[in-house]
Amino acid sequence: MAGAEKEQTGLALLGRNLAGLARAPRALTAVRARYGHGVARKAALRRLAFYPRLGLAFNRVKKNANSALVLVLHELETGESGQAARIKDAAPNLFDLPAAEIARLNDYAVFVSVRNPYSRVLSAFLDKFRFAEYRRQYGDFPLTPEGFGAFLDWLEQGGLARDAHWDRQVKLMALPLDSYDGVLRFETLQSDARTFFANRGLALPDGALGSEHRGDRGKETGADRQLPTYYTAGRAALVARLYAEDFGALGYNPAQAPGNRP
């Protein structure tokens, strides 16, 4: 990106943030009115992407088919298909909404996608450490079972909160699980999404959210298939400790651990 383009992008982002600050009191008041005082996690409210024509708000959580779901929502909202990189930030967040939309917050069905932490952290590792940028910034972990073990040790030593692709899901969720109008599980994503959308008079586009999620092409890691290869009993125990809050809050059983090697 050229310098002038970067400057324009930066100015646009600054303007958006300043406008969001001005709307924040009204937005936070609406959130408290709907969910009660202290229920919502303020730091994660910007992760709510709103689709006014659909009456839906999606709590974006990285590595949980986030890109694929954004593509589906964009297509349902606009009738147009596109590339995830181009449309990821197209939907307004809570603090972008005009006063009229904030006033009808109660009309929105808010949903989230969650994922088994064992699978999610391996997927983040296999996806992100393919790229030199990540290796330079966080560590040159080889894409091997041993490299995954070293990565988990690094997480335990302070790396866990350094990137949203592997940070705890509950930190990226604006609400407790039982406050959402819909919870899609990554493991049964297509059927969960089909039911959730059908209950609101919407139909999934043909082929959406299949085994290779449209929007995640080029990022597929096959993490679920590779769990036994990458996990040992010790690594599973470490992930169970690191993500204990996710396991407890999201309804996944840490005892159902991959890997039985020492």
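So, β3: this strand is mostly covered, with six of its six residues buried. And just to be clear, we're looking at a predicted model here. If you go along the strand, Ala109, Phe111 and Ser113 point one way, while Val110, Val112 and Val114 point the other way, and all of them are buried.

Okay, what's around it? β3 belongs to an open sheet of four strands, in the order β1-β2-β3-β4, and the pairing is mixed. At the edges you've got β1, residues 48–51, and β4, residues 182–185, each of which pairs on one side only. Neighbouring strands in this sheet are turned by 25 degrees against each other on average, if you ignore direction.

Now the two partners of β3. On one hand there's β2, which runs parallel to β3 and is joined to it by four bridges. Find phenylalanine 58 there: it stands opposite phenylalanine 111 in β3. On the other hand there's β4, also parallel to β3, again with four bridges between them. Which residue of β4 is the bridge partner of valine 114? That's arginine 185.

Next, the helices on the sheet. Helix α2, residues 66–78, lies across β1, β2, β3 and β4, and runs at about 165 degrees to β2. Then there's helix α9, residues 189–198, which lies across β2, β3 and β4, at about 160 degrees to β4.

As a reminder, two packed helices are described by the angle between their axes and the distance between the axes. For α5, residues 117–128, and α7, residues 145–159, the axes come within 11 Å and cross at roughly 110 degrees. So α5 is roughly perpendicular to α7. Who makes the contact? From α5 it's Val121, Leu122 and Phe125, and from α7 it's Gly147, Phe148, Phe151, Leu152 and Leu155. And the crossing of these two is right-handed.

Some of those names come back when you look at the cores. The largest nonpolar core has 59 residues, and the ones with the most contacts inside it are Val121, Phe151, Leu155 and Trp166.

Terms used: Residues numbered from 1 in each chain as written. Predicted model: local features only at pLDDT ≥ 70, side-chain atom pairs only at ≥ 80, totals over all residues. Heavy atoms only, no water. Pairing = 2+ DSSP bridges. Axes fitted to C-alpha atoms, helices over the stretch in contact; angles between N-to-C directions. Contact = heavy atoms within 4.5 Å. Core = buried A, V, L, I, M, F, W, Y, C linked by side-chain atoms within 4.5 Å. Buried < 20%, exposed > 50% of the residue type's maximum accessible area, 1.4 Å probe, protein only. Parallel < 35°, antiparallel > 145°, perpendicular 65-115°, else oblique. Left-handed = near helix turned anticlockwise from the far one by under 90°.
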